[in-house]
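Student: I am new to this structure. Please show me how to read it.

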Amino acid sequence: MLEQLLPQLVNGLTLGVIYALIAVGYTMVYGVIELINFAHGEVYMFGAFLCVTFITAVGMPFYLAIVAAMGCCALIGMFLDLVAYKPLRKAPRLAALITAIGMSIFLQNLAMVIWGSRPLPFVQSAVPAYLNETALSFSGVYLTWLQLFIFAVTTAMMLGLMFIITRTRIGTAMRALAQNKTAAALMGINVNFVIAFTFALGSAMGAVAGILVSVYYNSLYPTMGYVAGVKAFAAAVLGGIGSVPGAMLGGIVLGVAEALGAGYVSSLYRDGVAYAVMIAVIIFRPSGLLGKAVIDKA
Amino acid sequence: MGKIKPLLAVLALGLLAYPLLPFANEYLLHVVILVMIYMVLAMGLNIVPGFCGLLDLGFVGFYGIGAYTAGLLTVHYGVSFWLIVPLAALNGALWGVLLGAPTLRLTGDYFAIVTFGFSELVVLFLTNEIWLTRGPLGLPGIDPVNVNLEFLHPDWFWEFVGEAPYFYLALFMVLAVYFVLRRVEDSRLGRAWFAIREDPLAAASCGVDILTYKVIAFAISAGIGAVGGAFFARWQLFLSPDMFKFWESFLVLCMVVLGGLGNIHGALIGAVIMVCLGEVLREALFVAGLPPEVRFLFYGLIMVLIMRFKPAGFFPAIAATARGNPLLAALAERIEKTYGERRETHS
């Protein structure tokens with residue numbers, strides 16, 4: 001049993017950093033407009049499909065296709081905000097939540113119409129060959145270059161995100177918005193622009209996560225965003241919704257918990273681990289690991 | 001009006017008698033029964049987002065619990081349908097309380113996602129606990145509904161055959177749920193729910209115990225969902241975990257939204273429209289060569305468009321009659337003028 005521990009941990013960590021990448025998208029949007037963007041999982045799925053389409057239909061090289069898919073998903077994110085959420089800023093929360101669910105279902109089925117409902121393999125010929133080779137091996141663990149690539153990309157993106165949020169003007173504006181929208185607007189912050197930027201940033205990161213997952217598992221399908229989205233949301237809740245470092249931590253904890261749960265308890269309840277963790281966190285510690293309390297005011 | 005009423009009565013009688021006619025179409029009856037099941041589900045779901053203003057994404061979980069409660073009790077113990085209905089309702093309500101009590105104190109967003117997680121766990125449980133539910137193989141061989149009066153007379157045993165008896169049973173179920181909910185709507189309970197939906201803070205200051213009333217709402221909604229499930233089990237005679245996936249929750253939510261949140265009549269009409277639309281789209285998508293799941297593309301779009309342009313749904317009957325009253329309209333206008341701006345910044 002114990003010799004399984006290290007490989008499971010590595011596997012969990014790989015999944016975890018990807019969950020973290022999706023989770024920051026949820027948590028940032030929640031931070032600025034207090035809305036669970038259920039369609040975020042679909043943006044992640046579109047990222048994977050667009051990347052494959054750019055490779056096969058346009059003939060782009062792998063790395064360029066990733067960047068192009070990121071750009072497209074950023075646009076999708078902003079479009080989503082513009083057509084679906086922006087008109088409802090002053091409507092009751094319930095209306096926005098229902099819209100988010102509706103958008104998620106709509107996008108998922110749109111992908112089904114465009115790319116078909118069957119799982120596709122990732123275009124392996126376009127993926128640089130060295131990524132599938134073993135980079136490191138120690139005490140029974142084989143790390144591929146792909147896994148190292150995933151760690152490197154996610155770490156770089158997280159650092160970049162932290163830089164944007166803490167060191168730049170727009171990042172400061174995002175944090176101001178999260179604290180008090182009215183006051184931020186009075187200070188001359190263009191609220192709608194900052195919200196659109198937040199959507200774009202979160203969506204671009206979600207797209208990268210989608211591409212990495214589809215390369216890692218060599219499979220992409222229109223409903224992939226559904227489970228991944230909920231798990232990433234669970235990660236965001238676990239870390240404390242609204243907190244970006246929390247989302248990163250939550251993603252990693254959840255990924256490891258899931259891998260260990262699947263390895264040692266029951267692989268049938270692999271997805272159940274995420275739901276159970278989420279429900280338990282919401283019931284016992286709704287503020288998450290690093291977040292602030294969100295008890296209903298009334 | 002005087003001339004229309006007898007006409008309506010004849011029409012209603014004709015509809016009531018239709019299943020008994022020799023040329024009654026089984027497919028049509030099947031669809032009508034399906035509509036009535038969804039009417040019950042939509043009325044049940046309506047309590048939580050409609051009356052209390054909380055998004056419930058896991059309604060199908062309770063439907064599934066009800067269906068499997070009925071299916072397993074029938075297959076293993078041969079329990080009578082008439083006993084199963086209250087048992088299923090209680091089981092659904094029990095899970096509603098267990099899930100609702102700890103989570104309903106949180107903000108609505110968290111509640112939405114917890115209910116979603118719960119219904120996914122229900123499906124995982126039904127799929128994986130093969131010793132109990134036979135998992136993905138499904139649960140076949142459920143007995144149809146029967147009326148057993150053998151203790152009075154050895155010949156008095158009727159088993160439901162075909163769609164016609166189910167039609168009347170479903171109709172009875174719809175009417176029963178409808179009347180109960182109409183009464184609840186105007187009761188102390190209903191008014192407390194509306195108060196919570198409109199302004200939880202004000203409701204709490206008026207002495208409404210928010211958590212208790214929310215849990216009651218959730219339990220009743222879950223119980224009604226479970227009753228729908230029990231009927232479904234004894235009508236379809238086969239259950240499989242696939243029948244209780246998130247899509248069903250979404251479909252029922254769509255019905256409620258379409259008819260107008262918090263509007264019982266709207267929920268009924270929403271069920272009719274969505275089931276009929278589903279049947280039409282199934283055919284249309286088949287002709288277009290697309291998988292049947294694509295019909296959710298339209299459902300998603302409907303939901304987004306309604307929230308954007310008609311947030312009160314297509315049948316905001318109650319609100320409209322209230323607004324038609326000139327006195328109330330003037331009052332509403334004054335309130336809006338005075339407090340509208342403040343409310344926007346407050347929420």
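This is a predicted model: local features need pLDDT of at least 70, side-chain atom pairs count only at pLDDT 80 or more; totals for chains, interfaces and linings use all residues.

Student: How many helices and strands are in the secondary structure of chain B?

Tutor: Helices (H or I, at least four residues) and strands (E, at least two) are DSSP runs, numbered from the N terminus. Chain B has 15 helices and 2 strands.

Student: What radius of gyration does chain B have?

Tutor: The radius is taken over C-alpha atoms, and the globule rule is 2.2 Å times the number of residues to the power 0.38. For 347 residues, a compact globule would come near 20 Å; chain B has 21 Å, which agrees. Its C-alpha trace spans about 70 × 55 × 55 Å along the principal axes.

Student: Which share of chain B is buried?

Tutor: Count other C-beta atoms, placed from the backbone, within 10 Å of a residue's own: 20 or more means buried, 12 or fewer exposed, and in between partly exposed. In chain B, 42% of the 347 residues are buried.

Student: Which residues of α13(B) are buried?

Tutor: Among them are B:F296, B:L297, B:G300, B:V304 and B:M307. Their cover includes α3 (62-85) and α4 (93-115) of chain A, together with α11 and α12 (264-288) of chain B. Check the helix length too. The expected span is 1.5 Å times one less than the number of residues. For the 15 residues of α13(B) that gives 21 Å, and the end C-alpha atoms are 21 Å apart, which agrees.

Student: At what angle do α2(B) and α11(B) pack?

Tutor: Axes are lines fitted to C-alpha atoms, for helices over the stretch in contact, and angles run from 0 to 180 degrees between N-to-C directions. Helix α2 (residues 26-51) of chain B packs against α11(B) at about 75°, with the axes 9 Å apart. So α2(B) is roughly perpendicular to α11(B) (under 35 degrees is roughly parallel, over 145 roughly antiparallel, 65 to 115 roughly perpendicular, the rest oblique).

Student: Which residues of α2(B) and α11(B) meet?

Tutor: Two residues are in contact if their C-beta atoms, placed from the backbone, lie within 7 Å. On α2(B), the residues include B:Y38, B:L41 and B:L45. On α11(B), they are B:V252, B:L253, B:M255 and B:V256. By class, this contact has 9 nonpolar, 2 polar and no charged residues. Ala, Val, Leu, Ile, Met, Phe, Trp, Tyr, Cys and Pro count as nonpolar, Asp, Glu, Lys and Arg as charged, and the others, Gly among them, as polar.

Student: How many residues does each chain give to the contact between them?

Tutor: Chain B gives 43 residues and chain A gives 41 residues. On the side of chain B, the largest share, 13 residues, comes from α5(B). That side has 29 nonpolar, 8 polar and 6 charged residues.

Student: Where is B:G117 found, and what does B:G117 touch?

Tutor: B:G117 is in helix α5 of chain B. B:G117 is buried, with 28 other C-beta atoms within 10 Å. Not counting residues up to four places away in sequence, B:G117 touches A:Y275, A:M278 and A:I279.

Definitions and conventions:
Residues are numbered from 1 along each chain as its sequence is written. Chains are lettered from A and ligands numbered from 1 in the order in which they are written.
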